[in-house]
Structures are given as structure tokens and as C-alpha cells.
Amino acid sequence: MKLDLITSLYVFMLAAFIGFEVIRRVSPLLHTPLMSLTNALDAIAVVGAIILAGEHKSQLAAILGTIAIVAATSNIVGGFLITDRMLRMFKSSGPKRP
Amino acid sequence: MPTETFIEITYLIATVLFILSLKWLSSPTTARHGVWAGEVGMALAIGGTLLYRGIVDYKLVAIGLVLGCIIGVPLGKVAMTAVPQRTALSHAFGALCVTLVGTSEFYLRAPNISPFLMAVLSMEVILGSLTFTGSLMAAGKLQEILPQRPITYKGQNFVNLGMLALAVAIAAILAMHPEQIKLFPAMIIIPLIFGVMLVIPIGGADMPTVISLLNSYAGLSAAAMGFVLNSKLLIVAGALDGSSGFILSVIMSKAMNRSFTNVLFGGFGQIQAAATGVQEQRPVKSATAEEAAAILAAANKVVIVPGYGMAVAQAQHKVRELFDALTKRGVDVTFGIHPVAGRMPGHMNVLLAEADIPYDKLLDMDAVNGDMAQTDVALVIGANDVTNPAARTDAGSPIFGMPIIDVDKARTVMVIKRSMAAGFAGIDNPLYYLDHTLMIFGDAKNVVGNIVRELSGGDAHH
């Protein structure tokens with residue numbers, strides 16, 4: 001258990017570094033889609049909610065887990081939909097690339 | 001292969017796809033691949049999770065997924081002008097999910113929780129619940145259900161920090177004595193109230209910073225949930241979201257010339273409070289749409305500086321017509337976008353892209369400032385404080401030091417504005433009294449429409 005937590009800290013630290021380096025390069029043009037996309041990805045928390053609701057270990061866990069699935073799924077669906085809609089709108093004026 | 005290993009492999013692939021997703025977002029040409037990678041990663045991870053042997057009740061899971069889709073689809077189809085409030089709402093949903101899972105985990109495991117685990121669990125529910133109510137408040141203000149005006153009172157920071165300290169103290173007690181189960185609800189209720197109090201003093205102009213900050217909190221709480229559930233995938237996703245929100249908060253606070261600590265400790269409403277300067281009655285030059293059209297038609301290089309006023313007046317499509325009319329006449333038209341123009345990071349870019357303005361014409365502050373001296377006309381549409389030269393020259397101004405778009409350095413400045421009333425921050429803008437500034441009074445959509453009509457109706461020669 002204790003080793004797991006240390007490993008988790010390593011993973012967090014490395015992911016935060018990757019996040020900084022990758023997101024620093026995102027053009028300010030796309031900051032709004034960036035926020036909606038990271039929000040959709042963040043909703044991966046749904047896997048925790050699915051296990052909680054699915055395991056049905058207690059009445060409370062099942063109910064809260066189901067509400068959590070609803071909240072996270074709506075972020076996944078809504079987040080990806082709106083990000084794609086926004087990105088489709090960004091068109092270049094030059095005939096360089098279609 | 002055992003199912004557990006298979007599930008872990010789907011998670012590993014999902015993690016890679018999530019990182020690629022953000023990497024591809026760096027440029028508009030590859031950005032849509034990013035969405036695709038994110039979707040595949042998400043589908044893999046959810047599919048893998050559904051195979052988990054511990055799941056006995058698929059009915060609840062199915063109900064949750066279906067209801068989530070029913071709510072999510074309309075949230076993905078809102079108008080582009082409503083994107084800031086939709087984003088705030090989605091931060092609230094994300095935080096709700098994390099808080100509920102954290103709460104359930106506590107009641108399932110207590111009192112057998114190690115101090116370290118209790119600490120991350122506390123972080124998960126504290127950040128989650130304050131982000132939940134804070135984001136709901138932000139969404140309410142942006143949707144104008146709640147008053148946009150900042151509400152401040154004496155000792156606000158003291159009350160807020162006190163509440164936060166109390167929540168952290170309860171977390172510390174629980175880490176040492178996890179058997180004190182009855183303390184747990186307080187650790188949720190206090191941050192819920194704190195979230196409301198945190199956003200109450202924040203006005204509309206500060207929303208970009210607040211939304212970014214709440215984004216960061218939502219990410220960090222999800223990462224904490226990953227620690228509790230020992231899910232590396234969730235830790236990575238939360239860390240990516242957290243660092244994205246953090247970077248955006250830093251960019252936004254720099255663009256408003258606030259230190260990051262100032263932002264963190266509720267310095268939000270302060271500009272408004274400090275700004276009750278003397279309103280001078282000085283003459284301004286005004287122009288009609290006809291005169292403006294003549295000047296624009298004679299220009300070689302025009303920079304348009306949009307602000308939240310353009311979004312409020314829904315003028316972006318008329319602005320596109322103006323862009324077309326001028327471009328057709330051979331005028332070089334670009335847009336200068338200040339990082340905090342609008343109500344969230346990148347807000348103006350999305351609105352202008354929706355109006356079909358090519359993204360290579362949307363330039364950031366530094367790019368347009370470099371060329372400003374060679375610019376014939378700077379046309380300000382619904383922006384105010386981000387063009388205020390007092391930020392450069394007047395050390396007594398509340399926005400002194402804030403980077404601005406130097407429209408005053410253009411040969412002619414035109415400002416489309418409803419009236420001479422001070423802007424949102426209540427700060428007088430010396431730009432309006434300059435000799436080479438022309439004020440065009442009226443609703444942005446009507447004024448731009450009139451200019452376009454003059455341009456297309458008038459004769460074509462310069």
C-alpha cells in the first residue's frame with residue numbers, strides 16, 4: 001500500500017511535467033478548446049464511479065456512484081462534442097493545406 | 001490473459017492517447033486528431049472498466065451512462081456565446097463526480113484508512129466540493145442568473161481563509177483519527193460554503209482567471225481521487241487537467257498584471273473596489289459610420305481589437321462582413337486578441353472563428369503591438385480596459401503595469417462604444433480623448449453593419 005502511494009507520486013510528478021511541456025505549446029488561439037478538451041479527459045473519473053456503482057457494496061455507494069457516472073458522462077459527451085465543434089470552425093485563409 | 005491485466009493495458013493505452021490528444025492540440029491543423037485520440041482513449045478505458053469482475057450491478061451503470069449522455073448532448077450543442085458558462089458548469093460536474101466518489105470511498109473504508117490515504121482523500125473532497133459550488137456560482141454569474149457585480153465586505157479574506165483553515169484542520173484530525181466518522185460531513189459542507197464565498201467577490205472581467213483556476217482545482221481533485229483509487233490513468237488525466245488550468249491561470253493573471261498569490265488569495269474584485277477615480281469632462285471627437293467607412297477604405301492596414309462588448313452585442317458576424325468588405329478592397333485586416341478579452345481564455349478566438357474569420361488573421365497581443373506604428377487604423381469593438389494607455393503611463397491607475405494592446409500608437413484609433421460611461425472596471429480611459437481617436441457611438445452590431453453598408457454602397461476608389 002505504501003509503495004503504491006510512492007509510485008503514484010512518481011506518476012503524478014511525471015504527468016505534471018508532461019502536462020506543462022505539452023500545454024505550454026498550445027496556441028493561445030485554442031485556449032477555449034483546450035479547456036473543454038482537458039475537461040472531457042478529466043471525466044475519466046467515470047471509471048471510478050462505474051466501479052463504485054457496479055460493485056454495489058453499500059446503498060450509499062451505489063446511489064452516489066450512479067450520480068457520479070451521470071455527472072462524468074455528461075462531461076465526456078458534452079466536452080468532446082463541443083471541442084470538436086469549436087475546432088471545426090478554425091479555418092485557415094491560405095490555400096496551403098485543406 | 002487475465003481480465004485484470006487486460007483492463008490495465010486498456011488504461012495504459014488510454015493514458016498514451018490522452019497525452020497525444022493534448023500534444024496534437026498545439027496547432028489548429030492537427031487539433032481535431034487530438035479530439036479523436038481523446039475519444040478513443042476514453043472509449044477504451046470505459047470499455048475496459050466494464051469488464052471488471054467486481055461489477056455485479058450493470059443496471060445502475062447503464063442508467064448512469066444513458067442519463068449522462070442525455071444531459072451531455074445538449075451541453076455539447078450550446079451556442080458559442082454560451083461556452084464560458086458551459087465550461088464553468090462542466091467544471092462543477094467534474095468536481096461533483098470526484099466529491100461523490102470520495103465520499104463513498106470514505107464511508108466504505110473508514111475507519112481503516114492510513115493517514116496518507118486520508119490526507120489525499122481529504123484533498124479530493126475539499127477541492128472537489130469547493131470547485132463544485134465555486135463553478136456553479138461562476139456559471140450563474142456568466143449566465144446572468146446571479147448578479148455579475150462583485151460583492152465584497154470587510155474581512156472577506158479573513159473569513160475565507162478561516163473557513164479553509166477549518167476544513168484543513170478537520171482533515172488533519174481525520175488523518176490521525178479516522179474513526180471520528182461524524183467529522184466527515186463538516187469537511188464537505190465547509191468547502192461547499194467556501195466555494196460560494198470565493199466567487200462572490202469576483203466580477204465579470206475577472207472570470208477568465210477564475211475559470212482557469214477552477215479548472216486547475218478540478219484537475220487536482222481528480223488526481224487526488226486517482227491516489228485514493230490507486231488508478232494511474234486518473235492521476236495522469238488529473239495532472240494534465242490540473243497543469244493546464246494552472247498554466248492558463250498564470251497566463252491570465254500575467255495579462256491582468258496580478259501576481260499568482262494575489263489571484264489565489266481572492267484579489268479578484270480589487271480593481272473594481274479601487275477604481276473610483278475622478279471622471280474628467282474632456283472633449284472627445286466623434287464620427288459617423290459614413291466617416292468611419294471612408295477612413296477605413298483609405299487605409300492599408302487595419303487592426304481590429306474585439307472585447308466582451310462584441311460578444312454581448314452579438315456583432316461577430318457583422319465584423320466578418322466588415323473584414324470581407326475591407327479585404328476585398330485590398331486592405332490588410334488583422335485582429336488583435338488580448339489574453340483576457342472576453343469571459344474565458346480564448347473566448348474571442350472561438351467567436352471570430354465561428355464567424356468564419358480565418359485563424360491566421362487572429363493575432364495575439366505581442367504580434368499586433370509590434371506592427372502598431374505601421375497600422376493606419378486600430379478599430380476597437382467592445383473592448384475597453386485592455387486598450388487603456390493609462391496602464392503604460394499612469395502609475396496611479398489601478399491597472400498600471402497591465403499589458404495592453406497599444407492601439408493608441410496606430411495613426412487613427414476608432415472606438416465603437418455605446419456611450420461615454422466608464423467601462424466594467426470603472427476606470428476612465430484616456431484613449432478616448434486623444435487627438436487621433438474617433439468615437440463612434442452606438443450598438444456594436446448596428447454600427448459595424450452601417451459601416452459595411454457604406455463600404456459596399458460607396459464608390460470603390462480610395
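I started with the domain assignment of chain B, which gives domain 1 (1-77), domain 2 (98-272) and domain 3 (289-457). I noted that the model is predicted. For the spacing I took the C-alpha centres of domain 1 and domain 3 of chain B, and they lie 42 Å apart.

**Chain A against chain B**

I looked up the contacts between the two chains next. On chain A, 81 residues are in contact with 100 residues of chain B. I listed the elements that give two or more residues to the chain A side: α1 (2-24), α2 (31-42), α3 (46-55) and α4 (59-89) of chain A. The largest share comes from α4(A), with 27 residues. By residue class, I recorded 49 nonpolar, 23 polar and nine charged on the side of chain A that touches chain B.

**A:Ile82**

I picked one residue in helix α4 of chain A, namely A:Ile82. Is A:Ile82 buried or exposed? I found 28 C-beta neighbours inside 10 Å, and the cut-off for buried is 20 or more, so A:Ile82 counts as buried. Leaving aside neighbours within four places in sequence, I found A:Ile82 in contact with A:Ser36, B:Gly76 and B:Arg86. I also checked A:Arg25, which is 57 residues from A:Ile82 along the chain; their C-alpha atoms are separated by 21 Å.

**Helix α4 of chain B**

I then turned to helix α4 of chain B, residues 83-109. At 1.5 Å a residue, its 27 residues should span 39 Å, and I found the end C-alpha atoms 39 Å apart, which agrees. I counted 24 of the 27 residues of α4(B) as buried, so this helix is largely enclosed by the rest of the structure.

**The sheet in chain B**

I traced an open sheet of six strands in chain B, with the order β3-β2-β1-β4-β5-β6 and parallel pairing. Which strands stand at the edges? I have β3 (362-364) and β6 (437-441) there, each with a single partner strand, so one side of each is left without a neighbour in the sheet. I noted an average twist of 25° from one strand to the next.

For one pair in detail, I took strand β5 (residues 412-417) and β6 of chain B, which pair in the parallel sense over five bridges. In this pair I noted B:Val415 opposite B:Met439 in β6(B).

Last, I looked at helix α15 (residues 347-354) of chain B, which lies across β1 (301-306), β2 (332-337) and β3 of chain B. I recorded its direction as about 145° to β2(B).

Conventions: Residues numbered from 1 in each chain as written. Chains lettered and ligands numbered in written order. Predicted model: local features only at pLDDT ≥ 70, side-chain atom pairs only at ≥ 80, totals over all residues. Domains from an automatic or database assignment. Contact = placed C-beta atoms within 7 Å. Helix = DSSP H or I, 4+ residues; strand = E, 2+ residues; numbered from the N terminus. Nonpolar A, V, L, I, M, F, W, Y, C, P; charged D, E, K, R; others polar. Expected span 1.5 Å × (residues − 1). Buried ≥ 20, exposed ≤ 12 C-beta atoms within 10 Å, placed from the backbone. Pairing = 2+ DSSP bridges. Axes fitted to C-alpha atoms, helices over the stretch in contact; angles between N-to-C directions.
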